[in-house]
Number of protein chains: 2
Amino acid sequence: MKYLTNDKLVIVGAAGMIGSNMAQTALMMKLTPNVCLYDPYAPALKGVAEELFHCAFEGANITFTSDISEALKGASYIVNSGGAARKAGMTREDLLKGNAEIAAQFGKDVKLYCPDVKHIVIIFNPADITGLITLIYSGLKPSQVSTLAALDSTRLQSELSKYFKIPASEIDNCRTYGGHGEQMAVFASTTKVQGVPLTQLIGTDKLPMKDWDELKIRVVQGGKNIIELRGRSSFQSPSYISVEMIAAAMGGPSFPWPSGCYVSDSRFNHIMMAMETTLDKTGVHYKEVKGTPEEEKELENSYKHLCKLRDEVIEMGVLPPIDKWNSLNSNII
Amino acid sequence: MKYLTNDKLVIVGAAGMIGSNMAQTALMMKLTPNVCLYDPYAPALKGVAEELFHCAFEGANITFTSDISEALKGASYIVNSGGAARKAGMTREDLLKGNAEIAAQFGKDVKLYCPDVKHIVIIFNPADITGLITLIYSGLKPSQVSTLAALDSTRLQSELSKYFKIPASEIDNCRTYGGHGEQMAVFASTTKVQGVPLTQLIGTDKLPMKDWDELKIRVVQGGKNIIELRGRSSFQSPSYISVEMIAAAMGGPSFPWPSGCYVSDSRFNHIMMAMETTLDKTGVHYKEVKGTPEEEKELENSYKHLCKLRDEVIEMGVLPPIDKWNSLNSNII
């Protein structure tokens, strides 16, 4: 029974639907025997641990704790799904503030208890913002924190597969960039359908503009659709994909989809968002994104939307102004 | 991306927590690309399929349908978690009758739509009974139908691991036989703890009789405990273990735990229950179970309990009397 590494992997939010699935997934992928489950909700956490004990994963060393210092001590890798869900009566701002504060505390805990952690994947919403906050407070390098952004791209692939009635494997390089959700930028120009650039199909009999516009809406609303169909938020796909991300950071197969990462260059500044990325043992790194003028415009809009969210969090006092970030994290210039 | 086989695997009850986890597990284990999800509840089923599409499993060919004939057509392997859950106001007998009828219809559907199926794993409760009914109506050979029984054994291993504070891997050959649940027979004489027979530890300072009795209760109530802790029935462990079973039947790693199987010999007759089994490409086969006189007595009691349940189902008219079974399934003598 070979594991990829013996390094400690911590699942934050392990009592939840996503976290518990991530733990099972990581053990099934044989990433490491040393999986530590953390959640503040102790009884449900214990229930998840029991379930995993009963799976009898060969050679596994599963631990669980509601003490964050114990959880993070010696951690090499972390996947964090430990945000709060939106509850009745909460505004969008309430949710943003709540999860932003959770991310800030988590970043501080990382700095205190596991400054030598190798990579962290953040998946609780809005992940672009919670990932950014984690990065700043943790003191880590930008290459060490990534966020789950790939689901929009896999949803684009899935919708194209259904539309053309062909296997998903015949549709290459689906890409959405920028923010996650309504404000994402869907790039058609990167995609090939059975070898043919998608941009050559859009607006023809094969994919009339109206159908393409509707398809893009289905991509954007992919998560909402799951809630309507299943009566619960998606948890299997965010779990599986984010464990694929941490597997890549551990030295497993390289991650083939875009990740959210810290971006700061002449065009996009002091932001975390989905870019064309590589994610491997060296961490997450991005390349410049190139699309049609219309796609570039969409990406600009997505970036502006994220800047607005970031600035809200600064106004709330959860993040300091940008020019003070460097004093919290010297890796942020 | 190598799969173990290209044979069609059908997940019955795929919209549920167990079924949806089984589908993800089977795809992650790369058992076959051809996974068909069946559930009568179409919207939730579609939601599960969407989640799996969004995982973008390489090379996967995931289909879904609420038409049982379409689902079973060409099926080589089936895992069935498609029973009803106990609802408020239902008696134990209501639940038994309901799931027995579901199993009878499923067996008939197998005979009609996929008589060439290779192996079926049944996991909906009471699995010993629903598995037996499936076998009789399907016309399959006894080696082709197995039931999930291993969780009691993995729970015994887990409880001993916690009690002795040693890794589960240092506890070998934990075994419970007979029925599942309250009436199981926990065998201590098969187990070794760090090489020492468990029977040599019971009643000593290392494991006083009172502690052993309490530990056995925790094993029996392992499932109930999950409900209390987690607020829902266990789903990750039954899912993972049953997919391990079907993997073994497909020619994957041999299954290391007891399975429920059809038993008919001079001692136990016309019953399905957990025995010492092998489960591999040739199907499920059992060996005689040997224990201490006390353990043998417990197993007898467990068998008698199952006979009582079986006879209830015969009285309900869901199964014909035993001497008529052969006319439904010529493999049952």
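1. In this predicted model, helix α10 of chain A passes helix α2 of chain B in a right-handed crossing. The two helices, residues 236-249 of chain A and residues 42-55 of chain B, pack at an angle of about 15 degrees, and their axes lie 8 Å apart. Because angles under 35 degrees count as roughly parallel, α10(A) is described as roughly parallel to α2(B).

2. On the α10(A) side, this contact is made by A:Q236, A:S237, A:Y240 and A:I241. The α2(B) side contributes B:E51, B:L52, B:H54 and B:C55. Sorted by class, the residues in the contact of α10(A) with α2(B) are four nonpolar, three polar and one charged.

3. Turning to the interface as a whole, 38 residues of chain B are in contact with 38 residues of chain A. On the side of chain B that touches chain A, at least two residues each come from α1 (17-28), α2, α6 (151-164), α9 (222-230) and α10 (236-249) of chain B. The largest share of that side is supplied by α2(B), with eleven residues. By class, the side of chain B that touches chain A comprises 15 nonpolar, 17 polar and six charged residues.

4. The largest nonpolar core contains 220 residues. Those that touch the most other members are A:I11, A:L37 and A:I133 in chain A, together with B:I11, B:L37 and B:I133 in chain B.

5. Leaving aside residues up to four places away in sequence, B:I11 touches B:G19, B:M22, B:A23, B:V35, B:L37, B:Y38 and B:V79. One of these, B:L37, is also listed among the core residues that touch the most other members.

Key. Residues numbered from 1 in each chain as written. Chains lettered and ligands numbered in written order. Predicted model: local features only at pLDDT ≥ 70, side-chain atom pairs only at ≥ 80, totals over all residues. Axes fitted to C-alpha atoms, helices over the stretch in contact; angles between N-to-C directions. Helix = DSSP H or I, 4+ residues; strand = E, 2+ residues; numbered from the N terminus. Parallel < 35°, antiparallel > 145°, perpendicular 65-115°, else oblique. Left-handed = near helix turned anticlockwise from the far one by under 90°. Contact = placed C-beta atoms within 7 Å. Nonpolar A, V, L, I, M, F, W, Y, C, P; charged D, E, K, R; others polar. Core = buried A, V, L, I, M, F, W, Y, C linked by C-beta atoms within 7 Å. Buried ≥ 20, exposed ≤ 12 C-beta atoms within 10 Å, placed from the backbone.
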